[in-house]
Amino acid sequence: MKPISIKQIITIFSLLLLSGTTLRAQTETFEWQGVMRQYNMHIPAQHADCLPVMFFLHGLGDNLTHLEQEFNFTQLADDFGWAIVLPQALNLGFGNMWDVPGIGSGNVDDEGFIMSLLDTLTVRHNLNPDSVFFTGFSMGGFMTHLLAIKQGNRITACAPVSGLITIPLANLTPVAPVRMLHIHGTNDNVVGYNGYSIAFGSTLGISVDKIIEYWQNANGCSGNPQIDSLPDIYNDGLRFVRYSYNCDTDLQHLKVIGGTHTWYFNGHDVSYLQIIHDFFTGTNLPSAIEDHDCIPIRITPNPTDGVISVEAEYATEITLFDMQGHIILRHHLDAGVSHLDLRHLSSGIYTLRTQSGETMKVIIK
C-alpha cells in the first residue's frame with residue numbers, strides 16, 4: 001500500500017468542505033500546553049444549570065468560521081436545550097487536523113486538550129458531567145472514536161460520522177462501554193466503508209464491519225441486529241438503513257447505501273444532527289440524559305494563576321488532591337463567596353472534592 005500523503009489528504013478534504021451562509025459567532029480561547037487553542041460555545045437563551053453538553057468535532061482542514069457558516073449552532077442549542085462546543089484543531093502546516101494515532105503527527109495531545117476544555121467548561125458553566133456527548137465528521141469522526149475508546153468512562157454517547165478507528169487504536173481495549181452510533185456511506189471514496197481510501201490509495205483504518213464488531217465486543221452485544229429502513233421519500237439515490245444491536249450498552253449503525261463523504265441534512269430523508277440527537281436523548285431507547293445534582297460550588301477563574309473565588313450554595317468541607325491522589329489541603333467553606341490562595345502550589349490539574357462527594361477539576365497555570 002502507498003503511504004498516506006498529508007498534503008494529498010488536505011487537498012482532497014478541503015474540496016469536500018460544505019458551504020453555507022454567514023452567521024455571527026464569538027471565538028474564545030483556551031490555553032493548553034502553552035498554546036492558545038480556539039473554540040466556540042453555544043448555550044440556550046433560556047436555560048437552567050446542569051445542561052447536557054455536545055462537542056462537535058470538525059473534519060480535516062475545516063475551521064470554526066466555516067462551521068458557523070454551515071450550521072446555526074445557536075439555534076440548535078436553543079432547539080436541543082443543550083450546550084454545544086466546537087473546538088478547533090491546530091494548523092500543523094497542512095491545515096487544521098486532529099492528531100489521531102495512525103494518521104496524525106503524534107506531536108499534539110488533542111485528547112488532553114478536549115478533555116481539559118470539557119473540565120473547565122463544566123465548572124465554568126455548571127454543565128452536567130453525566131450527559132456528555134461527542135459527534136464529529138470525517139477526521140472529527142476518527143477523533144470521536146479515539147475519545148470513545150480512551151475516555152469512554154466519562155462520555156455518555158458518541159456518534160462518529162464518516163470516520164474510522166485507526167489500526168493503532170483498534171489494538172486498544174476501550175476503558176469502558178460507551179453508547180455508540182456509527183454513521184457511514186457505502187460509496188465513500190475518501191474514508192472508505194471497507195477502511196480503504198480510493199482517494200488516497202491507502203488504508204486509513206479498520207472497516208466499518210470491523211468497527212461494529214469492535215463495539216459489539218466492548219458493549220456486550222449478542223444475537224442479530226434489528227434492521228429497519230428509514231422512509232425513502234427524496235429521489236436522491238440514497239437509502240438509510242439502521243442496525244440496532246442487542247447489547248448491554250446501546251450500539252447502532254446507520255448505513256447510508258449510496259452515501260458519499262458527505263454530511264447529509266437539508267434535501268435528504270434524514271438530517272444527521274437530528275438522527276444523532278434522537279440517539280443521544282434515547283428516542284425509542286432508554287433516555288441517555290441523566291439527572292445529576294451538579295456541583296454546588298463555582299470556582300472562578302478556572303484555569304487560575306492561584307487565587308480563586310469559591311461560591312458555595314451551602315456550607316461544606318472541601319478536600320483538594322493532586323494527580324497522585326495525595327491530599328493537598330482541607331478547608332471549610334461557608335455558604336456564599338470565599339477566596340482561596342493556591343499560589344504556593346505547582347502548576348497542574350488538581351481534584352477538588354466536596355463533603356457530599358462531588359468532584360471537579362481545578363487547573364493551576
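I began with helix 5, residues 139-151, which has 13 residues and spans 18 Å from its first C-alpha to its last, close to the 18 Å expected at 1.5 Å a residue; the expected span is 1.5 Å times one less than the number of residues. Helices (H or I, at least four residues) and strands (E, at least two) are DSSP runs, numbered from the N terminus. I note that this is a predicted model, in which local features need pLDDT of at least 70, side-chain atom pairs count only at pLDDT 80 or more, and totals for chains, interfaces and linings use all residues. Residues are numbered from 1 along each chain as its sequence is written, and side-chain values use heavy atoms, with hydrogens and water left out.

I then looked up how covered helix 5 is, and found 12 of its 13 residues buried, where buried means under 20% relative accessible area, exposed over 50% and partly exposed in between (1.4 Å probe, protein chains only). Among the buried residues are Met-139, Phe-142, His-145 and Gln-151.

Next I checked confidence: pLDDT, the predictor's confidence in each residue from 0 to 100, has a mean of 87 over the chain, and 90% of the residues reach 70 or more. Over residues 1-25 the pLDDT is below 50, and beyond near neighbours in sequence this stretch has 54 contacts in the model, a contact being heavy atoms within 4.5 Å.

I turned to the salt bridges (a side-chain nitrogen of Lys or Arg within 4 Å of a carboxyl oxygen of Asp or Glu), of which the structure holds eight. One of them joins Asp-119 to Arg-154, with the closest N and O atoms 2.5 Å apart. Asp-119 lies in helix 4 and Arg-154 in the loop between helix 5 and strand 6, so the pair ties together parts 35 residues apart in sequence. Asp-119 counts as buried at 11% relative accessibility, whereas Arg-154, at 30%, counts as partly exposed.

I also found Asp-250 in a salt bridge with Arg-179, at 2.9 Å between the closest N and O atoms. This pair links distant parts of the chain, 71 residues apart, and both Asp-250 and Arg-179 are buried.

Last, I traced an open sheet of four strands in the order 16-15-18-19, with antiparallel pairing; two strands pair if DSSP finds at least two bridges between them. Strands 16 and 19 stand at the edges with a single partner strand each, so one side of each is left without a neighbour in the sheet. Four bridges join strand 15 to strand 18, and Phe-321 has Thr-351 in strand 18 as its bridge partner.
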